[in-house]
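Have the structure open beside you as you read.

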Amino acid sequence: MSKNKLRTFLTMLGIIIGVASVIAMLAIGEGSRQNIQASVASLGINSVIIFPGAVSTGGVRLEAGTSTHLTRQDAEAISMRAPSVEYVSPVVQKGVQVVGGSQNWRTMIIGVLNDYFTIRSLNVVSGAFFSSQDDRAAAKVCLIGQTVVANLYGEGMDPVGQMIRIDNIPFKIIGMLEKKGQNSFGQDQDDVILAPFSTVQKRMLSTTNVNSIICSAVSENQIDQATDEISFILRERHKLTAAEDNDFSVRTQTDISNIFGSISKVLTILLASIASISLLVGGIGIMNIMLVSVTERTREIGIRMAVGAKSKDILIQFMIESIFISFLGGVIGISLGIITSGLVARFGGWPVTVTLYSILLSFIFSAAVGLFFGWYPARKAASLNPIDALHYE
Amino acid sequence: METSLIKVKDLVRTYTMGEVVVNALRGVSLEINKGDFTAIMGASGSGKSTFMNIIGCLDKATKGEYYLDGQDVFQLDHNQLAELRNRKIGFIFQSFNILSRTSALENVELPLLYNNKVASKERRERAFAALKSVGLADRANHMPNELSGGQQQRVAIARALVNEPLVIMADEPTGNLDSRTSYEIMGIFETLNNKGITIVMVTHEPDIAQFASNNIIFKDGKIISNNPVINRKSAEDEIKKLPPVDKE
């Protein structure tokens, strides 16, 4: 084996590339799947979101003459009457120009009630949340996200206590939100300002309609029940007859996750196919080299048999060689796969998660291929009459 | 008491090459005794090499009987034949058949590797002793491509000896060698034979056949004569007769 270092290396190369590809590809697929899952989970595990208007899977259908609006009162009704629903907040939002710290910045202000923080698992790293008192008073207080902070005051600053102007209205910053990063929908979750619901609705918007209502179910297995209760309550409030469709849409986290899940699944299948092909090619490479190797070494096998090697001696010799090549190639391939995944994460910015399953799969495959193609041709050669092996051309 | 080491009865070997049927051996019967130094001669295609391959257990006969040291060889299976080749027979080929990219010492060790009664330390020692007995102790770590034809053949001889076989079988051992080297090899064979090792040798060179104690002649797949050698040669004398060489 050491006698022909180049050939040994080339054999290993097949496995190395195959194994590395499988690991890197599956890592990319798994990484994106987990990333999407995490992003969706960050919406709140048990969250249920209600949008106005009926949405068929695809477009939005607005029916003239029917009420397609959601109001704060709808939210309150849900809060009081749906036992499977734990937290509720109506949500209004507006694009605003913010001036502060001698800079200005365009961002979104979202008006919410306190339940929103619980539903979305938000935290402040400095200062405090606003209270229901602030909501009742439509107080001009707000919580600021770190991207806004970075653009107005600079990275790492703490502007709690300072005044900013939002669409020319002075607000006091009473809290800075914990950094959340980008979600897998491509949105910067830190580019936001949160303010009490009434404040935004009364002082900045001229409508009683809300953009959405976000709720969370008491527990994961009560999500369906919550959805039913919400639909019932809203249908009653909106005076819909049995024949009419909902004029709102209730979306659970599962629905959203399913949409993105299926995209991620397609991606993973695609990558896995490519990876399998490389692994297959690697396997064929090993097969070829092993076959050629044994064919070339049939004379050598003949010599060994002539001096007394038994079939098992020949087989063991070749299998040890091929196991060694597969094993070493596998180890190098795994290392290379992990390093490649790391590089992709670092320079491509893609999320990457190396899975144990991919390592085992590719390792076992390459070991199996190496073993079989080391064993099979050697077995054929070892069953020859020594004189035939010696005369082999 | 069985004095014959090799006993062959009505040996037949037939094989087909494409559409042609070749009757390489047509019924060969022979006895070779312990301590004999037999040279087998014959024209090309006479069956002498086929015969050697069969008694060397490298090939199988189509029909007939073969007893080696009293044992019925044709009843043995693949693995048992391998054992015979390992312990009782030392085979030497015309083209040496030593492993390339393997040192002389490692080549000689090869049969010991397959002898599970020998531990690895003893392997080294025995291989080295065998090399010494053929005069190659100082070339133990050389690769075959660093050795002359004669030296390579001597490595093959050392390899054939290393498991202390009952019989050395050599198929045209001097076929690829010049006269001086051929006589040197015959000298080694003489020494071995004097120690009691039986030697069976195929050759097409009549002067080489004169080193043996008896000559057998093959023709068309049969033995046509088996006679003791008159005026047997000695290697030492033959070498002296050669013109001097400017050496070393």
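Start at the contact between the chains: 16 residues of chain A touch 19 residues of chain B, where a contact means that two C-beta atoms, placed from the backbone, lie within 7 Å. On the chain A side, α9 (298-306), α10 (311-348) and α12 (386-390) each bring at least two residues, and α9(A) has the largest share, with five. (Helices are DSSP runs of H or I with at least four residues, strands are E runs of at least two, and both are numbered from the N terminus.)

A word on the ground rules: this is a predicted model, so to speak of local features takes pLDDT of at least 70 and side-chain atom pairs count only at pLDDT 80 or more, while totals for chains, interfaces and linings use all residues. Residues are numbered from 1 along each chain as its sequence is written, with chains lettered from A and ligands numbered from 1 in the order in which they are written.

Now over to chain B, which has eight helices and ten strands. Of its 248 residues, 44% are buried, meaning 20 or more other C-beta atoms within 10 Å of their own; 12 or fewer makes a residue exposed, anything in between partly exposed, with C-beta atoms placed from the backbone.

Zoom in on α4(B), residues 120-133. Arg123(B), Arg126(B), Ala127(B), Ala130(B) and Leu131(B) are buried there. The face turned away carries exposed Lys121(B), Glu122(B) and Glu125(B).
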